[in-house]
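Trainee: Could you go through a structure with me, one question at a time? I am new to this and would like to learn how to read it.

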Amino acid sequence: MGPDMRKRLMIYCAGGAGREIGEIARRFNARQRLWEKIAFVDDVVGGQSEPILRFEDFLRKNGSSGDVEFLIGNGEPRYRRILKDKVLHHGYALATL
């Protein structure tokens with residue numbers, strides 16, 4: 001996949017682990033050019049330095065778009081599993097770095 005790819009990467013959770021994953025994804029993307037945009041969604045919004053959509057708002061705006069991949073940005077295994085299942089339930093793919 002090259003620079004003409006129009007996929008978006010959404011990182012689910014914008015806390016400490018999510019921000020670290022976001023930085024890794026941006027560095028990776030600078031070399032691989034897999035995603036047109038990298039952004040965050042979270043169930044808790046407020047206090048972040050960049051605009052964050054709630055997952056439910058993201059769904060309303062995007063439906064189950066095939067051009068979106070997700071990374072789970074939560075370090076707690078139980079919550080990672082819950083969020084992964086939620087993303088897959090709505091038809092989104094999971095990305096890997």
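Trainee: Is leucine 94 buried, partly exposed or exposed?
Mentor: Good place to begin, but note that this is a predicted model, in which local features need pLDDT of at least 70, side-chain atom pairs count only at pLDDT 80 or more, and totals for chains, interfaces and linings use all residues. Residues are numbered from 1 along each chain as its sequence is written, and side-chain values use heavy atoms, with hydrogens and water left out. Buried means under 20% relative accessible area, exposed over 50%, and partly exposed in between (1.4 Å probe, protein chains only). Leucine 94 has a relative accessible area of 35%, so the word for it is partly exposed.

Trainee: Where is leucine 94, and which residues does it touch?
Mentor: Leucine 94 sits in strand S5, residues 93-94; strands (E, at least two residues) and helices (H or I, at least four) are DSSP runs, numbered from the N terminus. Contact means heavy atoms within 4.5 Å. Not counting residues up to four places away in sequence, leucine 94 touches Phe70, Ile72, Lys84, Val87 and Leu88.

Trainee: What pattern does the protein follow along the sequence?
Mentor: Let us start with the inventory: the protein has 3 helices and 5 strands. Read along the sequence, they give the pattern β-α-β-β-α-β-α-β.

Trainee: How much of the protein counts as buried, and how many of its contacts join residues 24 or more positions apart?
Mentor: For burial, the share is 36% of the 97 residues. For contacts, take those with a separation of 6 or more: residues 24 or more positions apart account for 68%.

Trainee: Which residues of helix H2 are buried, and why are they on the same side?
Mentor: H2 spans residues 55-62, and its buried residues are Phe55, Phe58 and Leu59. They cover an arc of only 100° around the axis, counting the directions from the helix axis to the C-beta atoms, which puts them on the same side of H2. An α-helix has 3.6 residues a turn, so residues three or four places apart point the same way. To name the buried ones again: Phe55, Phe58 and Leu59.

Trainee: What do those buried residues pack against, and which residues are exposed on the other side of H2?
Mentor: The buried residues of H2 pack against strands S1 (7-12), S2 (35-42), S3 (53-54) and S4 (68-72), and against helix H3 (77-89). On the other side of H2, the exposed residues are Arg60 and Lys61.

Trainee: Which residue just after H2 takes a positive phi, and which non-glycine residues have one too?
Mentor: Just after H2, glycine 63 takes a positive phi of about 60°. Cysteine 13, in the loop between S1 and helix H1 (16-32), has a positive phi of about 110° although it is not a glycine. In the loop between H1 and S2, the non-glycine with a positive phi of about 50° is arginine 33.

Trainee: Are cysteine 13 and arginine 33 buried, partly exposed or exposed?
Mentor: Cysteine 13 has 10% relative accessibility, so it counts as buried. The relative accessible area of arginine 33 is 48%, so the word here is partly exposed.

Trainee: How far is aspartate 43 from cysteine 13 in space?
Mentor: Aspartate 43 is found in the loop between S2 and S3. Not counting residues up to four places away in sequence, aspartate 43 touches Tyr12, Arg54, Phe55, Leu83 and Lys86. Aspartate 43 and cysteine 13 are 30 residues apart in sequence, and their C-alpha to C-alpha distance is 7.4 Å.

Trainee: Which residues does asparagine 29 touch?
Mentor: Asparagine 29 lies in helix H1 and is buried, with a relative accessible area of 12%. Leaving out residues up to four places away in sequence, asparagine 29 touches Leu34, Trp35 and Ile38.
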